Amino acid sequence: QVGEAVWGFGLSLSRNQENLFILCDAKEKQYQEKIMVILNRFGPAWGSFGCVSQFVLKIETYLRMANIEFQTKSLGLEFAETAPKGKLPYIDYDGHKIAGSSFIVIVAYLKRNFGDPLDSNLSLQDKAKGHAVQRMVEDHIWWLMAQERWWAPENPYWDTPGLLQGEEQATYDEFQTEKQRKCIAHGVGAFTPDELRARGKA
């Protein structure tokens, strides 16, 4: 009986230690997630892309170039439930959600918290040039890419993991119609292929 009692005590102690280790691991994970930058994205695409969104890729590229440790979280089409502005990307860091891929939002926040290893040595003139190029590329090229993707007969977004892959035809048609409507409202949706090529070169 004494031996059984000792064995039972040892088994109970072992289980308590195991539960303690599990609890410690969970707490450590929570702590790491709090202090590490979490980049929220749609999901990986086309085998080699981290995300189908060029805006997500821009922030991911900055994080890598600035040597800021981060993790990614793929939200798929459910991002609107947690995204502060209803769009991706956004980051979680130290209990805060920062939204907006513009360099004056997420990147500016990262610079304040992690320093500015990439641009700190640039002159004001160089920074102004970079800002001008960024604005032209984002506003100009993005709409051309959107027009090409949403009118393409191959329907690339329908075959994109983390976006619309696996969705029903009706769901894809709804997304496609809405995106095409936005392109038409912008003006780029009414361009001919020749006009699109000319605008892309401009």
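Let's start with a term: buried means under 20% relative accessible area, exposed means over 50%, and partly exposed is in between, using a 1.4 Å probe and protein chains only. By that rule, 30% of the 202 residues of the chain count as buried. Keep in mind that this is a predicted model, where local features need pLDDT of at least 70, side-chain atom pairs count only at pLDDT 80 or more, and totals for chains, interfaces and linings use all residues. Numbering runs from 1 along each chain as its sequence is written, and side-chain values use heavy atoms, with hydrogens and water left out.

Okay, the layout. We have 6 helices and 4 strands; these are DSSP runs numbered from the N terminus, with helices being H or I of at least four residues and strands being E of at least two. Going along the sequence, the order is α-β-α-β-β-β-α-α-α-α. When I say contact, I mean heavy atoms within 4.5 Å. Of the contacts in the chain with a separation of 6 or more, 60% are between residues 24 or more positions apart.

Now zoom in on leucine 39, in strand S1, residues 37–41. Is leucine 39 buried or exposed? It counts as buried, because its relative accessibility is 0%. Leaving out residues up to four places away in sequence, leucine 39 touches a list of residues including Val56, Ile59, Leu63, Phe70 and Pro89. Glutamate 60 is on that list too; leucine 39 and glutamate 60 are 21 residues apart in sequence, with 7.5 Å from C-alpha to C-alpha.

Proline 89 lies in the loop between strand S2 (70–74) and S3.

Strand S3, residues 90–93, holds aspartate 92. Aspartate 92 has 16% relative accessibility, so it counts as buried. Which side chains make polar contacts with the side chain of aspartate 92? A polar contact, by the way, is a pair of N or O atoms within 3.5 Å; within protein, one must be able to donate a hydrogen and the other to accept it, and residues adjacent in sequence count only if both atoms are side-chain atoms. One partner is asparagine 40, at 3.1 Å, and another is lysine 97, at 3.0 Å.

Two residues to check for backbone angles. Asparagine 67, in the loop between H2 and S2, has a positive phi of about 55° although it is not a glycine. Asparagine 67 counts as exposed because its relative accessibility is 71%. Aspartate 94, in the loop between S3 and strand S4 (96–99), also isn't a glycine and has a positive phi, near 55°. At 39% relative accessibility, aspartate 94 counts as partly exposed.
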